[in-house]
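User: I want to learn how to read salt bridges in a model. Can you take me through them step by step?

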Amino acid sequence: MNIPLARKVNGKKFMWDGVVYDRDESAQQVMEGYAKDGFEVQKFVEDGQFLVYSRRVAAVAAAC
């Protein structure tokens with residue numbers, strides 16, 4: 001399976017977390033952790049395996 005490192009959803013770029021999950025429950029737990037940390041998350045299913053993609057808008061750095 002050739003897994004893309006990034007995907008666009010509604011014009012937003014999401015990055016794959018690098019793990020192939022065999023169970024939906026496992027992927028869901030990881031997604032909840034990312035969401036708790038302020039990430040937007042998306043789940044994709046390919047060949048019966050679950051892939052988690054996430055994104056977070058970078059905070060604006062303070063000018064020195």
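Analyst: We will go through the salt bridges of this predicted model. Start with the general idea. Side chains of opposite charge can pair when their charged atoms come close.

User: How many salt bridges does the structure hold?

Analyst: The structure holds five. Take Glu40 and Lys12 as one case. Their side chains meet in a salt bridge, at 3.3 Å from N to O.

User: Which parts does the pair of Glu40 and Lys12 tie together?

Analyst: Look at the elements. Glu40 lies in strand E3, residues 40-46, and Lys12 in strand E2, residues 12-21, so the pair ties together parts that are 28 residues apart in sequence.

User: Which residues are linked with Lys12 in a network of salt bridges?

Analyst: Glu40 and Arg55 are linked with Lys12 in that network.

User: What salt bridge does Lys43 form?

Analyst: Lys43 pairs with Asp24, and the closest N and O atoms are 2.4 Å apart. Lys43 is in strand E3 and Asp24 in helix H1, residues 24-36, so this pair joins parts 19 residues apart in sequence. Lys43 is partly exposed, with a relative accessible area of 28%. Asp24 is partly exposed too, at 31%.

User: Which residue forms a salt bridge with Glu25?

Analyst: Arg23 does, with the closest N and O atoms 3.6 Å apart. Glu25 is partly exposed, at a relative accessible area of 48%.

Methods
Residues numbered from 1 in each chain as written. Predicted model: local features only at pLDDT ≥ 70, side-chain atom pairs only at ≥ 80, totals over all residues. Heavy atoms only, no water. Salt bridge = Lys/Arg side-chain N within 4 Å of Asp/Glu carboxyl O. Helix = DSSP H or I, 4+ residues; strand = E, 2+ residues; numbered from the N terminus. Buried < 20%, exposed > 50% of the residue type's maximum accessible area, 1.4 Å probe, protein only.
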